[in-house]
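Student: I would like to learn how to read a model like this one, feature by feature. Could we go through it together?

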Amino acid sequence: MARSPLTREAVLAAAAALVRQHGPDGLTMRKLAAELGTAVTSIYWHVGNREQLLDALVERTVEDMGAIRPVGRTPAERVVSIARGLRRELRERPHLIAMVHERGLTDRMFLPAQRALVAEVRAAGLRGARAADAVRAVQFQVVGFVLVERNRERSPVQSPGEGELWDPADAPGDPALARELARPADPERLFVLSVRTLTEALLAGG
């Protein structure tokens, strides 16, 4: 069976996969060529040298971050959907996001999500400083939550952990509270809860 012609997009997709798996240091032209079953010279022809390849990956990441589309019947629902999409993108490609940051393109990367949020807070009736504060509050909530998640995931095993530390005596009259705090946190549920609560408060009286 004839091999499909190599394209620039195929090279970038394979390079992005290697970076997601091994980080930027794990991306070499030889490893990329082996992954694609082609010669290193072919990689150079499509994307240039390694530095140019990294620049192209950064541009591709910035473009991908602009693909988040809101869903929902109300502005609040759509804001939550934008926040969930942004969190998903940030979590799926931490190494690529770090490369964007290192090249000073973080603000540009977040611009499409900000524009989507602007449309929704304006649809809810917010204007001026209140609208700007709402957009930034949601963005900061997403980024901060992702940073906390990564920190927890990278931390060594805690001993004692929450399950051992919390005791019913720590919540007098509310043993259910202590039991819940002793259980592992559900990041997805907490994220949606926190963003929804924040959004409803921000949009109230818009």
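Tutor: Gladly; we will go from helices to salt bridges and then to the backbone. Keep in mind that this is a predicted model.

Student: Let's begin with helix 1. What should the 15 residues of helix 1 span?

Tutor: The general idea is to count 1.5 Å a residue, and for helix 1 (residues 8-22) that gives 21 Å. The end C-alpha atoms of helix 1 are 21 Å apart, so the expectation and the model agree.

Student: Which residues of helix 1 are buried, and what do they pack against?

Tutor: To call a residue buried, we ask for under 20% relative accessible area. In helix 1 that holds for Val11, Leu12, Ala14, Ala15, Ala16, Leu18 and Val19. Their packing partners are helix 2 (29-36), helix 3 (40-47), helix 4 (50-65) and helix 6 (94-102).

Student: Where does UniProt place the "DNA-binding region"?

Tutor: The unreviewed UniProt entry puts that feature at residues 28-47. In the model, this span is 80% helix and 0% strand, with its end C-alpha atoms 13 Å apart.

Student: Now for charges. How many salt bridges does the structure hold?

Tutor: It holds 15. Take Arg87 and Glu188, whose closest N and O atoms are 2.5 Å apart.

Student: Is Arg87 buried or exposed, and why does Glu188 count as partly exposed?

Tutor: Arg87 has a relative accessible area of 9%, so it is buried. Glu188 counts as partly exposed because its relative accessibility is 30%.

Student: Which residue forms a salt bridge with Arg93?

Tutor: That is Glu89, with the closest N and O atoms 2.8 Å apart. Both partners are buried: Arg93 is at 11% relative accessibility, and Glu89 is at 12%.

Student: What about Glu153 and Arg91?

Tutor: They form a salt bridge too, with a closest N to O distance of 2.7 Å. This pair again links distant parts of the chain, with Glu153 in helix 8 and Arg91 in helix 5, 62 residues apart. Arg91 is partly exposed, at 30% relative accessibility. Step back, and you find a network of salt bridges linking Arg84, Arg87, Arg91, Glu149, Glu153 and Glu188.

Student: Finally, what should I look for in the backbone?

Tutor: Most residues other than glycine have a negative phi, and most peptide bonds are trans. A cis peptide bond joins Ser159 and Pro160, with omega about 5°. Pro160 sits in the loop between helix 8 (128-154) and helix 9 (162-165).

Notes: Residues are numbered from 1 along each chain as its sequence is written. This is a predicted model: local features need pLDDT of at least 70, side-chain atom pairs count only at pLDDT 80 or more; totals for chains, interfaces and linings use all residues. Side-chain values use heavy atoms; hydrogens and water are left out. UniProt positions are given in the numbering used here, feature names are shortened, and annotations may be inferred rather than shown by experiment. Helices (H or I, at least four residues) and strands (E, at least two) are DSSP runs, numbered from the N terminus. The expected span of a helix is 1.5 Å times one less than its number of residues. Buried means under 20% relative accessible area, exposed over 50%, partly exposed in between (1.4 Å probe, protein chains only). Contact means heavy atoms within 4.5 Å. A salt bridge is a side-chain nitrogen of Lys or Arg within 4 Å of a carboxyl oxygen of Asp or Glu.
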